[in-house]
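I opened the model today to go through it piece by piece. My notes follow in the order I looked things up.

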Amino acid sequence: MKLKTVELTRRYGQKVAVDHMNMTLTSGVYGLLGPNGAGKTTLMRLLCTLQRPTSGKILLDGKNIGKLGEKYCSLLGYLPQDFQYYPDFTALDFLLYVAALKGLKEKSARKKSKELLEEVGLEAEGRHRIKSFSGGMKRRLGIAQAMLNDPRILILDEPTTGLDPKERVRFRNLISSFAKDRIVILSTHIVSDVEYIAEKILMMKSGQIIHFGSPGEITSEIDGLVWECSLPAGCAEHYAAKLNVSNLRNEGRGHTVLRIISEKMPVADAVQVQPNLEDLYLYYFKEQGGGK
Amino acid sequence: MKKLIQYEFRKIFKRRLTWIAVLAVLLLSFALSFSTYQNKFAFDGRNQASGRDAVEMDKAIAAKYEGVLTDEKVQQMLSELVPKSDSRGLNAIYLYQNTTQSAVAARFSDINGNWNGQSVSDVFGSEEIKIGYVDGWICASRDMTKIFLLLSFAVIIMIAPVFCTEYGGVDNIILSSRYGRSKCAAAKVIAGFLATVIITTVVVSGNMAQAFLFYGKDGLDCSILFAPLVSISEYIPFNITCGTLLRYQILLAFTGNISTAGITMIFSALCKNQMAALVASVAVYVFPAILPAAESGTLFRLATLSPLYHVLFVPIMSVSQIKDGILFAVFAIPIAVLFAIVGYLASCKIFAGHQVF
């Protein structure tokens, strides 16, 4: 299975949200990174047929998804950023409703819904109304509904927002086990989530993909630019304001360890360390919507 | 598809506003019918009665003259039901004693209550007028007109959220799913029409049951033309029975509400929020009422085909008779079918083409 965008463009008046994007996605987990306004959600909506491109096209195995219509949607699972629901529905009812929308037979819909409720840790809440759910529970329900039809293409917009660390681990495991022979695209601001499960990273800025590759490949771009040093607490604040600091850790005894992204050695005694995705993210998007 | 219709149907009836609107209509309809019944008044020359006793008295008087209206019966009624002048100095013709006296005086007496010289054929031509106790059903019909008007607003309240509430965020999930743009949209419309038919049936049944309870089935086969003064017969000049009148009214309640649902469905798909859909639907619904249409003009005939006039009932019933007992109002049926089809197609198309921003 191959999902391809060809000169994909989406404008809102003068603003270009997705700008002549060309990319090809095959099976695997793709992490979509970028600051607010980079065009991630628009790209996801275009891939989900929720918006029509201003120009360009999206092809699934060479066929335009607009023309594939229901066939394409039957392969799709989507968790929107602002997941909404019917407050008076129970979790199970909501899943059964979405299953009906996805064309699942009632018996298999019921079975699948129960399985997924269990997988996302909501088995005890299946008969409870969604309006009584916490933010994290709603998010988990959102993940479950996206996976109801065993989608070949799973698109998750901010799936881990509101999840506690235990739930995030459960989610990552769920996606990892699910991703075989499927295209999974997930966008998140929690870079560590992407780092754990994404095989490929798509880094977006101003509607374009600025980096595309495995976490190792793209972090290698900033090899030699990440430093760590231990400084007295008083100095640390001064450097944090002045330099691009990706982490600041209090070590006790009045000392703080700074993780700094810098082209040259930022302070004496700083040592080079292995860059991670968070460093790369900060390197490119230090200021929201801007950056290098 | 069946499952989707069930869900959409459930969504409609899960809304608190739907229940408030439907219960308000049912409550008002009971209050109105009961108040009409309680306010009934009759005087047989010796005793006067109100409420249930007045209805029984009216029925007893009407039963005396039941059958085809003849000149002899007119004379008999005029002599036996002589109105007495009252202390406020009203002329005899304006005095109301009972429904039969009122009906005969309105057509066959002069201002002082004496015979005006008109024969049955002078007043009704060659029509055979069957008389009896019709007041109960005529009053029930008048009350139902008000209730059906309220019901049409309840239908708008119920249908307006069908599509537009999805635009609050669930559209993301619906429209990216396999049947979101096709079967789901169709299920919404079908559920909307079904809900409309059901609440119309409930309200109609409730009103008819009350009318049967209060007035019995007397008079259903009698002509509406020999009804008490200031009644429906002044505006519907055709020799139809009360039964036919009610059948038309019920038919028009259904056609009116189905047409209203069709219009509301379109605005629900077009508007991004419920209030906008509600206001737009109400505006379109009441628009024909402000048309400067003369009652004999083509524009009036066309206006009466709008859903508002289906439920207002009397104007469309007054237009013309195609042949015996078949009135212009039958055109409400193809109009309702048209509104339903246009509502279905347009709202499905708009929803299917909706983009999520």
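First a point on terms: the domain bounds I use come from an automatic or database domain assignment. The model itself is predicted.

**Entry 1: chain B overall**

I began with chain B. I find 16 helices and 6 strands in it. Its C-alpha trace spans about 80 × 40 × 35 Å along the principal axes. Chain B has 357 residues, and 49% of them count as buried. I then looked at contacts in chain B with a separation of 6 or more. Residues 24 or more positions apart account for 73% of these.

**Entry 2: the two domains of chain B**

Next I looked up the division of chain B. Domain 1 takes residues 2–36 + 134–352, and domain 2 takes 40–131. The centres of the two domains of chain B, taken over C-alpha atoms, are 36 Å apart.

I checked where they touch. In chain B, 14 residues of domain 1 are in contact with 13 residues of domain 2. On the domain 1 side, α7 (135–159) and α10 (183–215) of chain B are the elements that give two or more residues. I sorted that side by class: 8 nonpolar, 3 polar and 3 charged residues.

**Entry 3: helix α10 of chain B**

I stayed with α10(B). This helix has 33 residues. From first C-alpha to last it reaches 47 Å, close to the 48 Å expected at 1.5 Å a residue. Gly216(B) follows α10(B), and its phi is positive, near 70°.

**Entry 4: the contact between the chains**

I turned to where chain B meets chain A. Chain B puts in 21 residues and chain A 25 residues. On the chain B side, α1 (2–14) and α9 (171–175) are the elements that give two or more residues. α1(B) gives the most, with 5 residues. By class, I note 9 nonpolar, 8 polar and 4 charged residues on the chain B side.

**Entry 5: the largest nonpolar core**

Which residues touch the most other members of the largest nonpolar core? I list Leu95(A), Ile155(A), Trp137(B), Ala154(B), Ile224(B) and Cys242(B), out of 189 residues in the core. Helix α11 (residues 242–270) of chain B supplies the largest share, 15 residues. Domain 1 and domain 2 of chain B both give residues to this core, so it lies between them.

I followed up one of these, Ile155(A). Leaving out residues up to four places away in sequence, Ile155(A) touches Met44(A), Leu47(A), Cys48(A), Tyr78(A) and Ile185(A).

**Entry 6: helix α7 of chain A**

Last, I took a helix in chain A. α7(A) covers residues 165–178, which is 14 residues. At 1.5 Å a residue it should span 20 Å, and its end C-alpha atoms are 20 Å apart, so the two agree.

Which residues of α7(A) are buried? They are Phe171(A), Arg172(A) and Ile175(A). They cover an arc of only 100° around the axis, which puts them on the same side of α7(A). I recalled the general rule here. An α-helix has 3.6 residues a turn, so residues three or four places apart point the same way.

I then asked what the buried residues of α7(A) pack against. In chain A, the partners are β3 (28–33), α6 (135–146), β8 (183–187) and α8 (191–197). On the face turned away from the buried side, α7(A) carries the exposed residues Lys166(A) and Ser177(A).

Conventions. Residues numbered from 1 in each chain as written. Chains lettered and ligands numbered in written order. Predicted model: local features only at pLDDT ≥ 70, side-chain atom pairs only at ≥ 80, totals over all residues. Helix = DSSP H or I, 4+ residues; strand = E, 2+ residues; numbered from the N terminus. Expected span 1.5 Å × (residues − 1). Buried ≥ 20, exposed ≤ 12 C-beta atoms within 10 Å, placed from the backbone. Arc of directions from axis to C-beta. Contact = placed C-beta atoms within 7 Å. Nonpolar A, V, L, I, M, F, W, Y, C, P; charged D, E, K, R; others polar. Core = buried A, V, L, I, M, F, W, Y, C linked by C-beta atoms within 7 Å.
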